[in-house]
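Hi there,

Here is the structure I promised to pass on. Please have a look at it first, and then read on for what I found.

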Amino acid sequence: MAQRQSFQIGTGLFILLGFAALGYLATQTTSLANYRQGDSYAIKARFTNIGQLKLRAPVKIAGVRVGSVGSIVLEPDKLDALVTLSIDKRYDKIPDDSAAAVFTSGLLGDQYVALQPGGSPDNFKNGDEIVLTQSSMQLEELIGKYLVGGDAGKTGDKAGAKPDAQSGEKSGKQPTE
Amino acid sequence: MSIVRKPPSRLADSLAQIGACGIFLFRILGAVPLSLRYLRETVRQVYFVGAMSLVIIMTCGLFVGMVLGLQLYHTLSIFGGTAALGTVVALSLYRELGPVVTALLFAGRAGTSITAEIGLMRATDQLDAMEMMAVDPLAYVVAPRFLAGIIAMPLLACVFNALGILGAHLVGVVWLGLDNGTFWSNMTSSVDVWSDVMTGVWKSLAFGAVCTLIATFQGYTTPPTSEGVAYATTRTVVFSSIATLAIDFVMTAFLM
Amino acid sequence: MSASANPRVSHDDVTVRDPLIRIRGLRTALNGKTIFEGVDLDIPRGRITAIMGPSGTGKTTLMRHITGQLAPDAGEIVVDGANVARIGRDALFGLREKIGYLFQNSALLTDYSVFENVAFPLRQHLKLPEELLRNIVLTKLQAVGLRGAANLMPSELSGGMMRRVALARAIVRDPMLIIYDEPFVGLDPIALNQILKLIRTLNQTLGITSILVAHELAAVRRIADSIYLLAGGKIAAHGAPDELARGETPWTRQFFSGEADGPVPFHYPAPDYAVQLGLAGAAP
């Protein structure tokens with residue numbers, strides 16, 4: 001009988017370990033890891049070009065993940081991309097004049113949405129829309145413009161925008177000015 | 001005499017083997033409801049084919065992950081894309097290497113022991129003795145091993161994958177200095193539960209069924225001699241490996 | 001079971017008129033080789049019947065017919081009123097539960113201890129309380145003198161001990177019929193005597209019908225009530241052991257005195273010896 005018991009315990013442990021591994025793989029190494037935040041609220045942002053932005057791509061403030069991309073649709077009349085950002089409820093003090101930009105992590109990495117906090121005393125609420133947006137930088141476009149040279153202007157500003165802190169601010173303001 | 005007679009050297013023989021194997025599958029499936037009475041036997045077999053394979057699976061998983069980490073790190077660094085290391089390792093493990101290598105190891109470790117065990121039971125009349133004691137050997141011996149293979153294989157593949165990820169993390173992050181956060185966040189943002197992790201699980205379910213089917217079939221139909229058992233064991237490994245890779249291709253084509 | 005109620009000593013007409021096994025017109029060919037061509041055979045209840053014959057005459061095949069493991073090409077095999085080739089799987093398994101089979105190489109389950117081997121048929125078919133099961137198993141092991149070996153594994157036993165364990169397993173459910181397939185092969189004289197005594201005791205005390213497949217005449221003579229001599233796919237001789245041992249037919253004479261020349265050829269069919277050796281003058 002003792003023999004049988006040990007088989008059953010061994011089998012039980014094995015199955016437990018197997019499922020633990022599956023659970024680990026499924027929740028810690030996949031996009032499920034990004035769903036972990038419980039409640040979230042949605043804010044919208046319009047981009048003329050989102051590049052390779054994908055569903056569930058991260059939304060970051062100062063490089064810290066605060067939410068993910070909930071949906072991406074094309075606005076039929078304006079023909080620009082309407083992106084819904086699901087922001088974790090914990091981060092409910094985001095000024096409502098913050099700017100959104102599509103950035104690339106690294107040279108070849110995935111794209112994400114970066115939020116640049118503004119100075120407004122009011123905060124975003126569920127369903128609000130971000131007014132200040134900056135589209136994805138297209139590598140090809142940038143290269144093309146550099147090759148053409150000279151006429152730096154706005155695009156030069158963007159192209160040089162590697163440290164995203166200042167450039168995001170500048171470029172975020174450009175459309176309004 | 002039997003060694004010379006047995007190998008399926010001709011096409012017709014091979015086809016006959018495949019056909020017999022298919023019929024055997026249906027006989028097993030028919031015996032599965034009956035084998036639920038011997039649930040304890042299935043539990044025991046999960047222990048033998050699953051828990052006893054853990055050491056080899058874990059060791060190999062770790063090494064495969066480390067090799068992947070090392071190889072891909074150097075390849076990716078050419079393109080300045082080492083940030084994608086976690087993603088590439090995870091995807092190649094989950095979708096292909098995990099299920100396939102686990103199945104190959106399983107065929108070598110558990111498959112051969114199933115074949116040898118059933119073959120020896122055949123050679124020493126144990127299967128006939130069961131029949132004489134009014135116990136169906138298909139339900140008591142074969143079906144529990146078949147079920148155990150189907151249960152154990154996906155779990156083993158998951159363990160293999162988990163160890164592989166840890167191995168790649170060890171090499172990429174701990175040794176080669178890749179940023180820990182980059183490693184994980186890139187992985188989590190590009191790996192999907194259903195299209196990647198579960199694809200691997202479906203595959204290993206199929207591999208588990210095929211490998212144990214071949215192992216039990218070879219054991220059950222082996223000529224009751226020592227050469228017969230030895231030859232059947234070899235065939236188990238060869239046929240399981242071929243079947244695994246062939247089915248992998250078909251399933252990849254369908255699941256993509 | 002039903003047969004166990006029969007006292008062994010009985011009037012011949014009763015056992016002969018209602019045999020436990022009746023085989024009529026049995027014909028079988030395996031892989032193109034004819035094994036049986038018209039075998040008629042009766043196994044009376046409560047007796048020890050020996051089936052003897054040269055190697056390869058299909059003694060084991062005959063047993064496989066009786067237990068329904070192999071269907072004959074023609075003929076009928078009726079065991080305890082049921083035609084084994086016709087009855088369904090459940091009925092066949094039900095019949096087998098009443099038959100104990102002692103395999104030539106014991107066929108103990110290597111994964112289980114001696115105790116669990118003997119307990120196996122009980123565990124599979126009856127839901128007995130553990131206490132009762134233990135008592136039954138130990139009783140049977142005591143009968144074969146291996147109660148002390150209950151916790152050993154089969155691999156730790158000698159051939160003779162394994163056969164005794166297999167015997168305990170075969171009788172654990174008090175069958176109506178026990179088939180002994182070559183029980184004397186490879187036993188030393190001591191173990192042989194023990195097995196002989198066991199077979200006789202089981203038959204005499206429990207009235208279990210026994211079929212003894214063997215070719216050791218000396219051993220068989222001591223316990224068998226009657227002998228069937230199987231040769232050339234037919235029953236070559238049938239009768240009481242002493243009667244057959246007198247060797248009145250060519251078959252019995254050759255078989256029991258072990259002569260090379262007789263109805264059973266010692267030489268496998270071959271072309272002419274001289275021709276094959278290429279001796280000059282031998283060619284026609």
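At what angle do helix 3 of chain B and helix 7 of chain B pack, and how far apart are their axes? The angle is about 50°, and the axes lie 8 Å apart. Helix 3 of chain B is therefore oblique to helix 7 of chain B, and the crossing between the two is right-handed. Before I go further, please keep in mind that this is a predicted model.

Chain B has a mean pLDDT of 90, with 96% of its residues at 70 or more. The exception to flag is residues 1-5 of chain B, where the pLDDT is below 50; beyond near neighbours in sequence, that stretch has 6 contacts in the model. For chain A, the mean pLDDT is 75, and 76% of the residues reach 70 or more. Residues 152-177 of chain A stay under 50, and the model gives them 30 contacts beyond four places in sequence.

**Chain B and its helices**

Chain B has 10 helices and 0 strands. Along the principal axes, its C-alpha atoms fill a box of roughly 65 × 40 × 30 Å.

Back to the pair I opened with. On the side of helix 3 of chain B, the contact is made by Glu41(B), Thr42(B), Gln45(B), Val46(B), Val49(B) and Gly50(B). Helix 7 of chain B answers with a list that includes Tyr140(B), Pro144(B), Arg145(B), Leu147(B) and Ala148(B), and also Ile151(B), Leu155(B) and Leu156(B). By class, the residues of this contact of helix 3 with helix 7 of chain B are 10 nonpolar, 4 polar and 2 charged.

A second pair to look at is helix 2 (residues 11-35) and helix 9 of chain B, which pack at about 105° with their axes 10 Å apart. That angle makes helix 2 of chain B roughly perpendicular to helix 9 of chain B. Here Cys21(B), Phe24(B) and Leu25(B) in helix 2 of chain B meet Leu213(B), Ile214(B) and Phe217(B) in helix 9 of chain B. What classes do the residues of this contact of helix 2 with helix 9 of chain B fall into? There are 6 nonpolar residues, with no polar and no charged ones.

Helix 4 of chain B passes helix 5 of chain B in a right-handed crossing. From helix 4 of chain B, the contact takes in residues including Ile56(B), Ile57(B), Cys60(B), Val64(B), Gly65(B) and Leu68(B). Among those facing them from helix 5 of chain B are Leu85(B), Val88(B), Val89(B), Ser92(B), Leu97(B) and Arg109(B). The contact of helix 4 with helix 5 of chain B has 14 nonpolar, 4 polar and 1 charged residue.

**Where the chains meet**

Between chains B and A, 31 residues of chain B are in contact with 29 residues of chain A. Helix 3 (39-50), helix 7 (137-175), helix 8 (180-190) and helix 9 (193-220) of chain B each supply at least two residues of the side that touches chain A. Which helix supplies the largest share of that side of chain B? Helix 7 of chain B does, with 7 residues. The side of chain B that touches chain A divides into 19 nonpolar, 8 polar and 4 charged residues.

Chain B also meets chain C: 10 residues of chain B are in contact with 15 residues of chain C. On the chain B side of that contact with chain C there are 5 nonpolar, 2 polar and 3 charged residues.

**Domains in chains A and C**

Chain A is assigned domain 1 (2-33) and domain 2 (37-137), and the C-alpha centres of these two domains of chain A lie 38 Å apart.

Chain C is divided into domain 1 (3-98 + 175-276) and domain 2 (117-174), with C-alpha centres 26 Å apart. In chain C, 13 residues of domain 1 are in contact with 10 residues of domain 2. Helix 7 (residues 189-206) of chain C gives the most to the domain 1 side of that contact, with 5 residues. By class, that side of domain 1 of chain C has 9 nonpolar, 2 polar and 2 charged residues.

Happy browsing, and best wishes

Methods. Residues numbered from 1 in each chain as written. Chains lettered and ligands numbered in written order. Predicted model: local features only at pLDDT ≥ 70, side-chain atom pairs only at ≥ 80, totals over all residues. Contact = placed C-beta atoms within 7 Å. Helix = DSSP H or I, 4+ residues; strand = E, 2+ residues; numbered from the N terminus. Nonpolar A, V, L, I, M, F, W, Y, C, P; charged D, E, K, R; others polar. Domains from an automatic or database assignment. Axes fitted to C-alpha atoms, helices over the stretch in contact; angles between N-to-C directions. Parallel < 35°, antiparallel > 145°, perpendicular 65-115°, else oblique. Left-handed = near helix turned anticlockwise from the far one by under 90°. pLDDT = per-residue confidence, 0-100.
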